[in-house]
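Subject: Structure handover

Hello,

Here is the structure you asked about. Please open it first and keep it beside the notes that follow.

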Amino acid sequence: MNLGEAVLLGVTEGLTEFLPVSSTGHLTVVEKLLGLRLDDPGVTAFTAIVQLGPILAVLIFFRHDIVALASAWLGGLRDATRRDSQYRLAWAVILGTVPIGVVGFLGRDVVGAARNLWVVAAALIGWSLVMVVAERYGRQTRTEGEIRYRDAVVIGLVQCVALIPGVSRSGATISAGLLRGLDRVSATRFSFFLSIPAMLAAGAFEAASEGSAVARTVGWAATGLGTLVAFAVGYAAIAWLLRLVARHSITVFVPYRIALGVLIAVALAVGLITP
């Protein structure tokens, strides 16, 4: 992979990681168009490692919230009288992370095999319907401080569906949050918090287990550059998305998702690209 390709993939990751349009799906499409082998362990590892850039952006953007959650959690462990909504929210993030950790680790080979453009096209279109249902039927009456442990487990389980390229991790978790009655901003913020442990673990695991493949196929210089670009673009995307969901439904992304899914399917059907 040359540095120009790394920058393009970094921009793609940064733009799409937190928008409900599927970063993995977009990376799969772009990598395929660049002629990269999707089944190459180095390319698969690059796709996971480059996600560390947007996660660093989340850590910096929400640094005050993260410090407050960590302090509340530690304080609540030491003193039961200090167990407030922040303490419960911290536990909700932990509980919501468990399903993706278990499913992601045990099913990592299946997830890698799912990086197929037919899967991406179907998931882009199919999950769009879920997003419409979530916006239409979600009550959106509860705030971040009212997230219950049951909500966290349900949202965490739905996050596992996002292991399918094309679904979108943020699209899955925000939709689940809406269907659990959370307002759109609270569901989005919780989605950001849930992304931190899951994506940090995935990126670190791939870097450790597939380091030699990355060095051989992609190169650490390209990987580092792509991650840095993804961080910068991802930081801007976070601020933009929070402003957008405060005023608009997440269904504004549905026409794009469906159009992209149909375009990919047509291109595959007529032989312009291979799965």
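**What was found**

Helix H3, which spans residues 41–49, is mostly covered, with seven of its nine residues buried. Buried means under 20% relative accessible area, exposed means over 50%, and partly exposed is in between, using a 1.4 Å probe and protein chains only. Helices here are DSSP runs (H or I, at least four residues), numbered from the N terminus.

Before going on, note that this is a predicted model: local features need pLDDT of at least 70, side-chain atom pairs count only at pLDDT 80 or more, and totals for chains, interfaces and linings use all residues. Residues are numbered from 1 along each chain as its sequence is written, and side-chain values use heavy atoms, with hydrogens and water left out.

The buried residues of H3 are Gly42, Val43, Ala45, Phe46, Thr47, Ala48 and Ile49. They pack against helix H1 (3–16), helix H2 (23–33), H4, H11, helix H12 (211–217) and H13.

Threonine 28 is found in helix H2. Why does threonine 28 count as buried? Because its relative accessibility is 0%. Leaving aside neighbours within four places in sequence, threonine 28 is in contact (heavy atoms within 4.5 Å) with Leu38, Arg115, Leu117 and Val120.

Next, the nonpolar cores. A nonpolar core is a set of buried Ala, Val, Leu, Ile, Met, Phe, Trp, Tyr and Cys residues joined through side-chain atoms within 4.5 Å. The largest one has 39 residues, and those with the most contacts inside it are Val58, Phe62, Phe190, Phe192, Ile238, Leu241 and Phe253. Helices that each supply at least two residues of this core include H4 (52–61), H8 (117–137), H10 (169–179) and H13 (220–245). The largest share, six residues, comes from H11. Apart from this core lies another, of 14 residues, among them Leu27, Ile49, Ala222 and Ala230. Isoleucine 238 is in contact with Phe18, Ala57, Val58, Phe61, Phe62 and Phe192, leaving aside its neighbours within four places in sequence.

Helix H6 has 22 residues and reaches 33 Å from its first C-alpha to its last, close to the 32 Å expected at 1.5 Å a residue. The expected span is 1.5 Å times one less than the number of residues. Aspartate 84 caps the N-terminal end of H6, where a side-chain oxygen lies 3.2 Å from the backbone nitrogen of glutamine 86. Among the buried residues of H6 are Tyr87, Leu89, Gly96 and Pro99. What covers the buried residues of H6 includes helix H5 (63–78), H9 and H11.

Leucine 95 is also found in helix H6. Is leucine 95 buried, partly exposed or exposed? It is partly exposed, with a relative accessible area of 29%. Leaving aside its neighbours within four places in sequence, leucine 95 is in contact with Tyr149, Ala152 and Val153. The C-alpha atoms of leucine 95 and tryptophan 240 are separated by 28 Å, and the two residues are 145 apart along the chain.

Regards

Notes
A polar contact is a pair of N or O atoms within 3.5 Å; within protein, one must be able to donate a hydrogen and the other to accept it, and residues adjacent in sequence count only if both atoms are side-chain atoms.
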